[in-house]
Amino acid sequence: DFLMKTSTSLKRVNFSGTTIWSHQNVAASDLNSYFPYLAFIADPSGNVSRIDVATGNIIWTTATGLQHIAALSYSHDFGVIGVTDNNSYLQQHSMFRIDSVGNILWTKNYQAALWGFDAIRHGFNNGIVSGGTYFTSKSFFYQPLVEDIGNSYGAFLVHTDSLGNGPEKIS
């Protein structure tokens, strides 16, 4: 069996093509993350839902109060960790953790460069690893249409402790 995302649904399909369950009205912009036995969906309003992959039942939905959720990953307690990406220059980005029953354990805010965080995973020592892309320019103003003025893109990695405190290390 496998999970399949269409432009309007999320469904579990077996290898013969039979749909086992389906969630309709899942927008193309909704973020989906799949893991063994569970799946998470984050919608544009900042609601995160945990779905039982075997049955398709929504186990819980939690309103995070955050928008632009860019990445989700399961946590060691079978909850979820996530990050936001405001897609704007030098804006606040957030990292959050929800436990296995849908309670928000913590939310941390960080100043990050353009595109901010766009990936998240549990790291060593129960810490959290995230990263993303940033844009630098020799020009004072962000001018993406002007070529050869020293613009460049870079990547960064951040490691926090298990509560999102830190960063312990930035690379």
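Is Trp21 buried or exposed, and at what relative accessibility? At 7% relative accessibility, Trp21 counts as buried (buried means under 20% relative accessible area, exposed over 50%, partly exposed in between, with a 1.4 Å probe and protein chains only). The model is predicted: local features need pLDDT of at least 70, side-chain atom pairs count only at pLDDT 80 or more, and totals for chains, interfaces and linings use all residues. Residues are numbered from 1 along each chain as its sequence is written, and side-chain values use heavy atoms, with hydrogens and water left out.

**View 1. The whole protein has 15 strands and zero helices.**
Strands (E, at least two residues) and helices (H or I, at least four) are DSSP runs, numbered from the N terminus. The protein has 171 residues, of which 40% count as buried. Its accessible surface comes to about 9,300 Å², and carbon and sulfur atoms account for 53% of that; the areas come from the Shrake-Rupley method with a 1.4 Å probe, and for residues only the protein chains shown count as cover. A contact means heavy atoms within 4.5 Å. Among contacts between residues at least 6 apart in sequence, 35% join residues at least 24 apart.

**View 2. Strands β1 and β2 form an antiparallel pair.**
Strand β1 covers residues 2-5 and strand β2 residues 9-13, and four bridges connect them; two strands pair if DSSP finds at least two bridges between them. A hairpin of three residues leads from β1 to β2. Lys5 stands opposite Leu10 in β2.

**View 3. Trp21 is a residue of strand β3.**
Leaving aside neighbours within four places in sequence, Trp21 is in contact with Leu3, Leu10, Lys11, Arg12, Ile51, Asp52, Val53, Ala54, Thr55 and Gly56. The side chain of Trp21 reaches the backbone oxygen of Val53 at 2.7 Å. This is a polar contact, defined as a pair of N or O atoms within 3.5 Å; within protein, one must be able to donate a hydrogen and the other to accept it, and residues adjacent in sequence count only if both atoms are side-chain atoms. Trp21 and Thr55 are 34 residues apart in sequence, and their C-alpha atoms are 7.1 Å apart in space.

**View 4. Two aromatic pairs are found in a search of the whole structure.**
Rings of Phe, Tyr and Trp (its six-membered ring) pair if their centres lie within 6.5 Å; planes under 30 degrees apart count as stacked, over 60 as edge-to-face and the rest as tilted. Phe2 and Phe15 form a tilted pair, at 5.7 Å centre to centre and 45° between the planes. Phe2 is in strand β1 and Phe15 in the loop between β2 and β3 (19-24), 13 residues apart. Phe2 is partly exposed, with a relative accessible area of 35%, whereas Phe15 is exposed at 69%. The rings of Phe40 and Trp60 have their centres 6.2 Å apart and their planes at 45°, so this pair is tilted. Phe40 lies in strand β5 (residues 38-42) and Trp60 in strand β7 (residues 58-63), so the pair ties together parts that are 20 residues apart in sequence. Phe40 is buried, with a relative accessible area of 0%, and Trp60 counts as buried at 7% relative accessibility.

**View 5. The largest nonpolar core has eleven residues.**
A nonpolar core is a set of buried Ala, Val, Leu, Ile, Met, Phe, Trp, Tyr and Cys residues joined through side-chain atoms within 4.5 Å. The members are Leu38, Phe40, Ala42, Val48, Trp60, Leu66, Ile69, Leu72, Val80, Phe96 and Ile98. Elements β5, β8 (69-74) and β10 (91-98) each give two or more residues to this core, and β5 has the largest share, three residues. Beyond four places in sequence, the contacts of Val48 include Phe40, Trp60, Ile69, Val80, Phe96 and Ile98. A second, separate core of eight residues includes Ile81, Val83, Trp106 and Tyr110.

**View 6. Thr64 is found in the loop between β7 and β8.**
Thr64 counts as buried at 13% relative accessibility. A polar atom of the Thr64 side chain lies 3.0 Å from the backbone nitrogen of Leu66. Not counting residues up to four places away in sequence, Thr64 touches Gly46, Val48, Ile69, Phe96, Ile98 and Ile104.

**View 7. Tyr74 has its place in strand β8.**
Tyr74 is partly exposed, with a relative accessible area of 36%. The C-alpha atoms of Tyr74 and Arg121 are separated by 7.9 Å, and the two residues are 47 apart along the chain.
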